[in-house]
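I opened the model to look up how one chain is built and how a few of its residues sit. These are my notes, kept in the order in which I looked.

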Amino acid sequence: MPVIIDTEENTVIARLSGEIDHHSAKSLRDDIDLAIDRHHPKQLVLDFDGVTFMDSSGIGLVMGRYKSIKPYGGSIIIENTGAQIKKVMRLAGLDRLAVIK
Amino acid sequence: MKILNEIKFTFPADGRNESLARTVVSAFSAQLDPSAAEIGEIKTAVSEAVTNCIVHAYRGTSGKVEITVRALEGNILYIKIHDSGCGIPDIEQAMEPLYTSAPEEERAGLGFAVMESFMDKVTVRSIVGKGTTVTMKRKILSAQNDT
């Protein structure tokens, strides 16, 4: 299971795990978008604690979810990123779209 | 530069092989004693190059990706990733950060930017209709720098 989704009031929490690349990003995108469509959350938390690898496909994933949540006035919080993942996110300037903790 | 060791492997441009390709390169690089951070960066650069082959070079078609990895004198890792796909008409534009020809697939347009920031040298040669070759070099400092 690459993503476990929890919902609390206005928040969808997606706990990601494993390796995020072009191949795995597609099913993550579908699962998270399904939860967004269902709950119209004000906030989306992406928890990277279980993610062992991420390339720029993960950037596309976050940018795409920003678009999905925007109609509901939602914001994105990114949690528990390791050093390698943080480096890729910083390179992309992802901190302009999301709060990176 | 003297080649101390070399492997070559070829695989179909299939998404399932993205993980395989970066894992093989990372296993080969172990002989240069890289730090965990260096391994992470090398894997990311390889993943970007292989994804480009799948998403762009062989878009909607199938084909082979060929990877050559060398350990060079001076503790340098050399990686060559070759496809026989559609080729890149404008390499400069393709390498521009945030430029992508595949926004509908949520590509961020950062593949080459990631390769360039994680490797010391990235060279792209491409002929439209023939294919693309990306070569990357990285001097491996040492695992002793790991914190």
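This is a predicted model: local features need pLDDT of at least 70, side-chain atom pairs count only at pLDDT 80 or more; totals for chains, interfaces and linings use all residues.

Residues are numbered from 1 along each chain as its sequence is written, chains are lettered from A and ligands numbered from 1 in the order in which they are written, and side-chain values use heavy atoms, with hydrogens and water left out.

**Entry 1: chain B as a whole**

I found that buried residues make up 53% of the 147 residues in chain B. The radius of gyration, taken over C-alpha atoms, is 15 Å, which agrees with the value near 15 Å for a compact globule of 147 residues; the globule rule is 2.2 Å times the number of residues to the power 0.38. Along the principal axes, the C-alpha atoms of chain B fill a box of roughly 45 × 30 × 25 Å. I then looked at contacts, meaning heavy atoms within 4.5 Å, and of those in chain B with a separation of 6 or more, 69% join residues 24 or more positions apart.

**Entry 2: the sheet**

Helices (H or I, at least four residues) and strands (E, at least two) are DSSP runs numbered from the N terminus, and chain B has 4 helices and 5 strands in the pattern β-α-α-β-β-α-α-β-β. Two strands pair if DSSP finds at least two bridges between them. By that rule the 5 strands of chain B form an open, antiparallel sheet in the order 1-2-3-5-4. Strand 1 (3-12) and strand 4 (121-127) of chain B stand at the edges with a single partner strand each, so one side of each has no neighbour in the sheet.

I next followed strand 5 (residues 131-139) of chain B, which is joined to strand 4 of chain B by 7 bridges and to strand 3 of chain B by 8 bridges. Thr133(B) in strand 5 is the bridge partner of His82(B), and Arg125(B) also stands opposite Thr133(B). Strand 5 of chain B is mostly covered, with 7 of its 9 residues buried. Strand 4 and strand 5 of chain B form a hairpin with 3 residues between them, and Gly129(B) in the turn has a positive phi of about 85°.

Which residues does Lys80(B) touch, not counting residues up to four places away in sequence? I listed Glu66(B), Ile67(B), Thr68(B), Thr133(B), Val134(B) and Thr135(B). Lys80(B) is in strand 3 of chain B and counts as partly exposed at 25% relative accessibility.

Arg22(B), in helix 1 of chain B, is buried with a relative accessible area of 0%. I checked for polar contacts, that is, pairs of N or O atoms within 3.5 Å, where within protein one must be able to donate a hydrogen and the other to accept it, and residues adjacent in sequence count only if both atoms are side-chain atoms. The side chain of Arg22(B) makes one with the side chain of Asp21(A), at 3.0 Å. Leaving aside neighbours within four places in sequence, the residues in contact with Arg22(B) include Glu19(A), Phe53(A) and Lys43(B).

Notes:
Buried means under 20% relative accessible area, exposed over 50%, partly exposed in between (1.4 Å probe, protein chains only).
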